Amino acid sequence: MTSPAPLFSPLQASLDNLSAELKLLIKFQTNEPVESEELNAINWSLFLQLVKSHRMIGGLYPIIYENEWLPVEVKERLKTIYNQNKLRMLTLTAELLHISKAFQKNGINSIPLQGPMLTYV
């Protein structure tokens, strides 16, 4: 008796076609182990660009900032991006609180549907 053919997985097929940098981001987010040979294929400039464009710095930086295998210049750039993002979020939070207080003062109920406050809900 022959064993059944392996099932085709569209998800796996899609993952196989991703860039090494995007695969690395996914591994970080899912806490999968990263092999050293995978790191040799990484274009760190593209990796940083993906982190920024996918707005992953808030969740990614705390996970990877202590990793010794991360190149020092990449680590420093991630730290800069993280701190810039943190400052931006604090500024947006202050603005949202200011607007919410103005609404409340005028008897207008409001619920923020987007923005930094939703991370605390």
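Which residues does K27 touch, not counting residues up to four places away in sequence?

## K27

K27 touches E32, P33, V34 and E38, where contact means heavy atoms within 4.5 Å. K27 sits in helix α2; helices here are DSSP runs of H or I with at least four residues, numbered from the N terminus. With a relative accessibility of 17%, K27 counts as buried (under 20% relative accessible area, with a 1.4 Å probe and protein chains only).

## Ground rules

This is a predicted model, so local features need pLDDT of at least 70 and side-chain atom pairs count only at pLDDT 80 or more, while totals for chains, interfaces and linings use all residues. Residues are numbered from 1 along each chain as its sequence is written, and side-chain values use heavy atoms, with hydrogens and water left out.

## α2 against α4

Helix α2 (residues 20-29) and helix α4 (residues 44-53) have axes that come within 9 Å and cross at roughly 55°. Axes are lines fitted to C-alpha atoms, for helices over the stretch in contact, and angles run from 0 to 180 degrees between N-to-C directions.

On the α2 side, the contact uses E21, L22, L24, L25 and F28; α4 brings W44, L46, F47, L50 and V51.

## α5 against α6

For helix α5 (residues 57-64) and helix α6 (residues 72-105), the axes come within 10 Å and cross at roughly 135°. That makes α5 oblique to α6. The contact pairs I57, G58, Y61, P62 and I64 of α5 with K75, L78, K79, I81, Y82 and N85 of α6.

Note on methods:
Helices (H or I, at least four residues) and strands (E, at least two) are DSSP runs, numbered from the N terminus. Buried means under 20% relative accessible area, exposed over 50%, partly exposed in between (1.4 Å probe, protein chains only). Angles under 35 degrees count as roughly parallel, over 145 as roughly antiparallel, 65 to 115 as roughly perpendicular and the rest as oblique.
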